[in-house]
Amino acid sequence: MRLVVIGTGSVGRSIAELAADYGHEIVGLADSAGAVIAEDGVDVADAFETKAADGTVGSADPADVFETSYDVLVEATTTVDDANPGFENAREALARDRDVVLANRDPVAKRFDELRELERNSDGTVKFGATVGGSLPIISILTDHRPSNIVSVRGVLNDTSNFILSRMAAEKLDYEHVLTEAKELGIADEDPSADVNGTDTAVKCTILSNMLSSYDESAIDDSITVDDVDTDGITNIPGSLLELAAQDSRTIRLIGEVNGNGVRVGPRLVPDDSPLAAEGAQNIVQIETTHSGTITLSGQGMDDHGTASAVFTDIDRL
Amino acid sequence: MMDQINRSESESLYATDGGSKIHKSAHTIRLELVDEPGSLLEALKPIVANEGNLLSIYHERGKKSPRGRVPVEVDFEATDRQYNSIIMAFRRSGFTVVETGKSQYSEEFIVLLAGDVIETDVTDTIERVRDGSNVSVIDVSLTPGQSEDEISGARFRLATQEGKMSETLEMLREITEEKGLKLIEPLTEVER
């Protein structure tokens, strides 16, 4: 496929650099300041050398990438305001009947109904499997099962908070101590607030809920935005409370829950022997189905290569 | 409901004939006692005071509960009315009743409260949970914070009638929200 990639942060860069390995060609690469466009394929290494020197990948107008001959727009920008520039980029591509693969969550979490409307009026399709769970194929599984057969989706969708809670419990340490350690190990960002206050999990759950709501027979009727989610985080959980939980063979995990009653994110008591009590920087998701029992997925948290790989899976499904 | 009314009527009939035993049924309760002299005797008082008939006592002194208490199993006979008074008397005296043989509360679960539960009046919190319909407070543990006089959280072990758990959780959400405490609920299956 001929790809245009917009956004050259760590995820966009991984996608651009790995595209050739997956048999794709980059014909346009854009960041906020400039772009490089080449009918016969962009030299990706060269473009990032230019970016290192000049602060942008090329001298072309970023808006011109939409005019080139391509099959799929891969959206990997960082949101500035109101799900933009991601949402507007998706609109431009769909208006030209191109397919869109999102590595950027915000258009799905914040403007889902508008996005679906644009998709209905286009010959292009929108895929967003890379936006939840990284390399765990959560959205693929939800799509492959009849969504009417999905009772609930719940689990640990933020590896940073899971690392913090499991270290607090195992080492009897306090929150601040473990957070510092997580930053040193590169597991937590310098500003981890979205991870620990539940917002990141709420965004992912919103996407799952919206994805399910778009099917007629789903248990979830209406689409939501992240502001509709009842969200609580882990910042004020004392270490002693984890010890109290341990006395009853339980532990505390930051759980996101999506079902017919709505979406909730918050710390919950989980039995020690539950798959959801897994330790460390992990994602663990349980999909409860009507006829196929409970499906549990677990794996390492998302990194840039994992996200890129999920983007290529979406492209293959177009 | 009819059954209950009939029974209390027949009970009052028999109350005039010198306290017949025929309407008493056997109950087993499991208490957790602090390991101190006299605590066993103290524990039996509510049964005797409410005219229950003691059948047997099994005092497992060598075996302590995870909370460092001594479990005791008590078998006694009592009418339903006496039984209820006995259980209420136990609660008033601050005993932990872990299991009751003829319990109406079949769903047992745990919630944690984070925050200064003492500052926000823990007695009031417990009373309000207790006042809720269909719920019984089995026990409450407090956990110290970083300094000695600080309390950083509590565990409530609760029991509800079958199917009444979400109602109880809803009540707990209201109480904790009002008091600025953080409620950590158990993860339960989705009710279909």
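User: Before we look around, what counts as a salt bridge?

Analyst: A salt bridge is a side-chain nitrogen of Lys or Arg within 4 Å of a carboxyl oxygen of Asp or Glu. Keep in mind that this is a predicted model, where local features need pLDDT of at least 70, side-chain atom pairs count only at pLDDT 80 or more, and totals for chains, interfaces and linings use all residues. Residues are numbered from 1 along each chain as its sequence is written, chains are lettered from A and ligands numbered from 1 in the order in which they are written, and side-chain values use heavy atoms, with hydrogens and water left out.

User: Okay, how many salt bridges are there over all chains?

Analyst: The count comes to 31. Take A:Arg317 and A:Asp144, whose side chains meet at 3.6 Å, N to O. A:Arg317 sits in the segment after H12 of chain A and A:Asp144 in helix H6 (residues 138–144), so this pair ties together parts that are 173 residues apart in sequence. Helices here are DSSP runs of H or I with at least four residues, strands are runs of E with at least two, and both are numbered from the N terminus.

User: How do I read whether those two are buried or exposed?

Analyst: Go by relative accessible area: buried means under 20%, exposed over 50%, and partly exposed in between, using a 1.4 Å probe and protein chains only. A:Arg317 has 38%, so it counts as partly exposed, while A:Asp144 is exposed at 56%.

User: What does chain B look like as a whole?

Analyst: Chain B has five helices and eight strands, running α-β-α-β-β-α-β-β-α-β-β-α-β from the N terminus on. Of its 192 residues, 42% count as buried.

User: Where is there a nonpolar surface patch?

Analyst: Patches are made of residues with over 30% relative accessible area and no salt bridge; like charges are joined within 9 Å, and nonpolar side chains (Val, Leu, Ile, Met, Phe, Trp, Tyr) within 5 Å. Areas come from the Shrake-Rupley method with a 1.4 Å probe, and for residues only the protein chains shown count as cover. Here B:Val48, B:Leu54 and B:Ile57 make a nonpolar patch of about 240 Å². B:Val48 belongs to helix H2 (residues 39–49) of chain B and is exposed at 53%.

User: Last one: how are two packed helices described?

Analyst: By the angle between their axes and the distance between the axes. Axes are lines fitted to C-alpha atoms, for helices over the stretch in contact, with angles from 0 to 180 degrees between N-to-C directions. In chain A, the axes of helix H1 (residues 10–18) and helix H12 (residues 304–316) come within 8 Å and cross at roughly 55°.
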